[in-house]
Amino acid sequence: MNTDMNGKTEIKSMDFAELQAWIESLGQPRFRAKQIYQWIHQKHVDDYEQMTNLPAGLQNTLGALTEWVSLKTEKKQCSALDGTRKYLFALNDGNMVESVLMRYHHGNSVCVSSQVGCKMGCRFCASTLDGWVRDLKPSEMLEQVYRIEKDLGERISHVVVMGMGEPLDNYDNLLKFIRLLTDENGLHISQRNVTVSTCGLVPQMKKLAEEDLQITLALSLHASSDEKRKELMPVANQYTIKEVLEACDYYFARTGRRISFEYSLCGGVNDSDQDAEALGTLLRGKNCHVNLIPVNAVQERHFFASEQKVVREFKNKLEKLGINVTVRREMGRDIDGACGQLRRRYQKNAENPDN
Ligand code: SAH
């Protein structure tokens with residue numbers, strides 16, 4: 001059960017069935033669970049007093065027995081270029097995470113963080129610079145979406161778990177988050193509109209394939225040989241490309257969902273003609289899609305984006321080999337909202353917007 005050290009129940013991370021069981025254990029009628037669930041997950045109220053169809057006695061009981069997780073918006077930046085918004089949220093314990101809203105013609109998409117910091121150590125990524133602090137709870141991932149929907153005043157239709165952290169390194173909380181997010185009594189986002197991106201944790205990828213979900217799996221590949229991948233991503237020392245691609249095949253076989261491969265183009269590192277050829281050979285015949293992301297500069301890192309011409313040639317080469325490929329449109333570059341630019345910011349840094 002979701003209880004903290006003080007024995008309080010963390011109510012926002014409970015799924016509908018858990019909430020029903022818990023409410024009944026308090027001697028309350030079952031229908032209260034649905035009311036409470038909808039107040040939390042559809043109407044996004046700030047406290048129990050706003051749950052106006054609950055008796056005051058029950059509001060007080062809930063207040064005493066539960067831990068109420070909510071995020072505080074510390075900072076919001078809006079891109080002048082494309083309407084992207086980046087949010088800095090403070091968690092109850094003072095840690096900070098970032099989330100990004102992207103506005104597309106097909107709907108509003110929120111990029112969610114899954115951990116404070118990250119353990120994975122990818123060389124080109126800012127999120128991992130100061131290491132890992134802790135996993136986010138399901139409620140803390142949900143709150144990122146709820147806060148942004150409330151702030152925007154429009155429906156969020158898509159969620160990508162591509163913010164700070166490695167989602168499959170926080171597996172159980174991620175799964176709970178997805179089930180809550182797509183529940184018909186909550187925001188009811190379609191599973192098909194949820195994407196989880198991983199650096200390639202093979203056992204968890206296989207487990208995810210067996211969850212009976214219709215979400216999209218995105219795999220951060222970034223290189224076509226183990227040797228090169230190890231230079232960019234420490235996780236490649238643990239799993240070979242062959243093993244990772246087998247896990248992708250398994251995911252596709254079990255779910256019928258096409259895999260998305262992410263490939264960040266780092267100038268002079270993984271963007272040559274031979275790299276494109278090798279990547280095409282690896283992926284040929286797979287039902288997949290490749291997203292090319294010209295690497296975004298991170299101050300402490302020394303990678304730079306491939307030139308436009310190189311990106312075009314890389315794309316053409318893959319297309320010639322029959323691979324489905326797009327160059328990811330950069331969003332929110334002026335506010336550091338792009339891939340790999342999200343990072344932990346402490347209170348002291350939040351005071352200094354340039355830090
Ligand atoms: N940990 C997960 C999700 C977070 S990163 C993962 O590794 O997939 C989301 C995507 O942005 C990943 O493909 C990641 O490799 C990529 N990325 C990280 N830093 C980047 C940068 N500086 N420029 C471009 N893409 C980057």
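**View 1. The two sides of helix α3 in a predicted model.** The exposed residues Asn60 and Ala64 sit on the face of α3 turned away from its buried side; here exposed means over 50% relative accessible area, buried under 20%, and partly exposed in between, with a 1.4 Å probe and protein chains only. Helix α3 spans residues 56–65, and its buried residues are Leu58, Gln59 and Leu62. These three lie on the same side of α3 because they cover an arc of only 105° around the axis, taken from the directions from the helix axis to the C-beta atoms. Among the elements covering them are α1 (16–25), α2 (31–41) and β2 (66–67), where contact means heavy atoms within 4.5 Å. Helices (H or I, at least four residues) and strands (E, at least two) are DSSP runs, numbered from the N terminus.

**View 2. Helix α9 beside helix α10.** The axes of α9 (residues 273–283) and α10 (residues 308–320) come within 9 Å and cross at roughly 30°; axes are lines fitted to C-alpha atoms over the stretch in contact, and angles run from 0 to 180 degrees between N-to-C directions. That makes α9 roughly parallel to α10, a label for angles under 35 degrees. From α9, Asp273, Asp275, Ala276, Glu277, Leu279 and Gly280 meet Phe314, Lys317 and Leu318 of α10.

**View 3. Glu246 in helix α8.** Glu246 belongs to α8, residues 241–255. Glu246 is partly exposed, with a relative accessible area of 42%.

**Notes.** Residues are numbered from 1 along each chain as its sequence is written. This is a predicted model, so local features need pLDDT of at least 70 and side-chain atom pairs count only at pLDDT 80 or more, while totals for chains, interfaces and linings use all residues, and side-chain values use heavy atoms, leaving out hydrogens and water.

Key
Parallel < 35°, antiparallel > 145°, perpendicular 65-115°, else oblique.
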